[in-house]
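This briefing is intended for a reader who is new to protein structure. Please look at the sequence and the structure below before reading the points that follow.

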Amino acid sequence: MQPTPKLNGGAAPLPVGKYGHYLGHFGHFGGQPQKGIITYGLSANRQNPLANTAHDAVFNIWRRFYSQVFFWAPPFVAGYLILDWANKRNHYLNSKAGHAEFGGEEEE
C-alpha cells in the first residue's frame, strides 16, 4: 500500500519511467540503470535475411541427423532384417520345396 501524497510530505511522487527513474527490462522492473550498452541498427532494405541459408541448412541437417541416427537406425535395420527373413521363409514354406520338406505342415 502506497502512502498518499499528504503522508508523503505533500509532494506527489515522480511518475515511474520518467525523469531518470529506470524501470528495467520487461519482467525485471526496478533494477539499476544500465551503462555502457551500445546498440546498432541496420535498415531493413540493407539486410540480407537469406544470406548463407542453403549452406547453413545443409550442415544443420547433417548435424541433427548425425546426432540422432544411432537412436533410430539400429531398430530400423533389425526390423528390416526380421521382415526380410520372414518373407523369405514364407515364400520357401509355400513353395514346392517347402511343401516337400515339411509335408504341408508348418515348422514350429
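A residue is called buried if its relative accessible area is under 20%, exposed if it is over 50%, and partly exposed in between, with a 1.4 Å probe and protein chains only. The model is a predicted one, in which local features need pLDDT of at least 70 and side-chain atom pairs count only at pLDDT 80 or more, while totals for chains, interfaces and linings use all residues. Residues are numbered from 1 along each chain as its sequence is written, and side-chain values use heavy atoms, with hydrogens and water left out.

**Overall make-up**

- The protein contains 2 helices and 0 strands; these are DSSP runs numbered from the N terminus, where helices (H or I) have at least four residues and strands (E) at least two.
- Of the 108 residues in the protein, 5% are buried.
- The protein exposes about 10,600 Å², of which carbon and sulfur atoms supply 61%; accessible areas come from the Shrake-Rupley method with a 1.4 Å probe, and for residues only the protein chains shown count as cover.

**Helix α1 and the segment before it**

- Asn-52 lies in the segment before α1, and with a relative accessible area of 54% this residue is exposed.
- The phi angle of Asn-52 is near 60°, which is a positive value in a residue other than glycine.
- Helix α1 spans residues 53–93 and has a kink of about 55° centred on Val-69; the bend at a residue is the angle between axes fitted to the seven residues ending there and the seven starting there.
- Val-69 is also one of the buried residues of α1, together with Ala-73 and Leu-93.
- These buried residues pack against α2 (96–102), where contact means heavy atoms within 4.5 Å.

**Aromatic residues**

- There are 5 aromatic pairs, counted when ring centres of Phe, Tyr and Trp (its six-membered ring) lie within 6.5 Å; planes under 30 degrees apart are stacked, over 60 edge-to-face, and the rest tilted.
- Trp-72 and Phe-76 form an edge-to-face pair, at 6.5 Å centre to centre and with 75° between the planes.
- Because Trp-72 and Phe-76 are 4 residues apart in helix α1, about one helical turn separates them.
- Trp-72 is partly exposed, at 43% relative accessible area, whereas Phe-76 is exposed, at 56%.
- One aromatic cluster consists of Trp-62, Phe-65, Tyr-66, Phe-70, Trp-72 and Phe-76.
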